[in-house]
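Please keep the sequence and structure open while reading.

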Amino acid sequence: MNRLVSGWHGDVRIWRRGLVLAAVAVILSLVMGLHARIPNAIGNLGSLTETFLPWLGLLIPVLLVLAVVRKSATALIAVLLPAIVWLNLFGGQLTDKTGSGGDLTVATHNVNADNTDPSGTAQDVAASGADVVALEELTADAVPTYEKALASTYKYHSVQGTVGVWSKYPLTDVKPVNIELGWTRAMRATVATPAGQVAVYAAHLPSVRVKMEAGFTARQRDKSANALGEAIADEPIRKVVLLGDLNGTMNDRALRAVTAQMRSTQGASGSGMGFSWPASFPMARIDQIMVRDIEPMTSWTLPETGSDHLPVAARVKVDTSAS
């Protein structure tokens, strides 16, 4: 440490060294601060950046160490720029915003079509205490197993295509939602909760891929997100809960048709980033719980199951008349 700090005092070169590091720090600041302006025209580069945007913060301590080793005051000052931008974007998620109260608990889980323990996975999700559960990536062969495992906890349920909703409260007006895929991966139902009617949407947007020759392939996901956003915008019931695997984060501008009209329970009332995928080493929150005209109270991730996604849950307040 003495060797690292020695030579700084009286050395005018500390302002001339590390100019490349300083430039990298400025570029990193611009990428994070202006991520919405990164074009999607080439390989959906903007959406790819926004999917893993929080992880760009890992470059900041690396630049800091290099600036110290290089004995560059210029680089040290420049590193403050990306640090400030990152904290402005994600600093709020480092605090614990969880609260108490609420009158409805919901959960969602992409159970994985290749799940070898569907019964155990269903029981794990039910153990969260959720009043309403949405499951995605259901296969025809596995549906009876999930129905049997959840029957004692949830009196009402409906499966539409590869998504399903299980509820302790009556379901009405159940129908598939067309997200322009050619098969059903989204549905809606009216849930008669004790605090009032809630329109619950369950959705599994198309997967995205990162390919060397094509970049971030997300065209079908983006098209389905727009269709889902239109369906929610046309929903006559004002109180809406969206549960599902959206294959995108709240930062991804491609999901704006949905995110612009709803609040993330994790962002509003969670603790930390709430990453949900992949389950073995979560790097992004692509499993979402969003609400409209409903107050998030607390949001959390559940322990790993037999899926490659983590389940996520939230406690919300449907009756906001006294708020």
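In which sense do β13 and β14 pair, and over how many bridges? The pairing of β13 with strand β14 (residues 312-317) is antiparallel and runs over 6 bridges. Within β14, Arg315 is the bridge partner of Thr298.

This is a predicted model, where local features need pLDDT of at least 70, side-chain atom pairs count only at pLDDT 80 or more, and totals for chains, interfaces and linings use all residues. Residues are numbered from 1 along each chain as its sequence is written, and side-chain values use heavy atoms, with hydrogens and water left out.

Some terms come first. Helices (H or I, at least four residues) and strands (E, at least two) are DSSP runs, numbered from the N terminus. Two strands pair if DSSP finds at least two bridges between them. Strands of a sheet pair through backbone hydrogen bonds, either parallel or antiparallel.

**The sheet with β13 and β14**

This open sheet has 6 strands in the order β3-β4-β2-β1-β14-β13, with mixed pairing. Its edge strands are β3 (156-160) and β13 (295-301), and each pairs on one side only. From one strand to the next, the twist averages 15°. Axes here are lines fitted to C-alpha atoms, for helices over the stretch in contact, and angles run from 0 to 180 degrees between N-to-C directions.

| Strands | Bridges | Partner residues |
|---|---|---|
| β5 and β6 (residues 186-193) | 4 bridges | Leu171 and Val191 |
| β11 (residues 263-264) and β12 | 2 bridges | Arg263 and Val291 |

Is β12 enclosed or open? β12 is largely enclosed by the rest of the structure, because 6 of its 6 residues are buried. Buried means under 20% relative accessible area, exposed over 50%, and partly exposed in between (1.4 Å probe, protein chains only). In a regular strand the side chains alternate between the two faces of the sheet. Asp287, Ile289 and Val291 point one way from β12. Gln288, Met290 and Arg292 point the other way, and all are buried.

Most residues other than glycine have a negative phi, and most peptide bonds are trans. Asn247 has a positive phi, near 50°. Asn247 lies in the loop between β10 (240-245) and α9 (256-259). With 10% relative accessibility, Asn247 counts as buried. Asp293 also has a positive phi, near 60°. Asp293 lies in the loop between β12 and β13. With 42% relative accessibility, Asp293 counts as partly exposed.

Which peptide bond is cis? The bond from Trp277 to Pro278 is cis, with omega near -15°. Pro278 belongs to the loop between α10 (265-269) and β12 (287-292).

**Pocket and cavity**

On a 1 Å grid over the protein atoms alone, a cavity is a set of points where a 1.4 Å probe fits but cannot get out, and a pocket is an open set with protein on both sides within 12 Å along at least five of seven lines; lining residues have an atom within 4 Å of a point. Grid points are joined across faces, edges and corners, and a volume is the space filled by probe spheres set on the points.

The second largest pocket holds about 260 Å³ of space. It is lined by 19 residues, and Gln93, Met250, Asn251, Met273 and Arg285 are the closest to its centre. α3 (45-51) and α10 each supply at least two residues of this lining. By class, the lining has 7 nonpolar, 9 polar and 3 charged residues. Ala, Val, Leu, Ile, Met, Phe, Trp, Tyr, Cys and Pro count as nonpolar, Asp, Glu, Lys and Arg as charged, and the others, Gly among them, as polar.

The structure holds 1 cavity of 30 Å³ or more. About 40 Å³ of space lies in the largest cavity. Residues lining the largest cavity include Val111, Asn115, Glu137 and Tyr146. This lining divides into 6 nonpolar, 3 polar and 1 charged residues.
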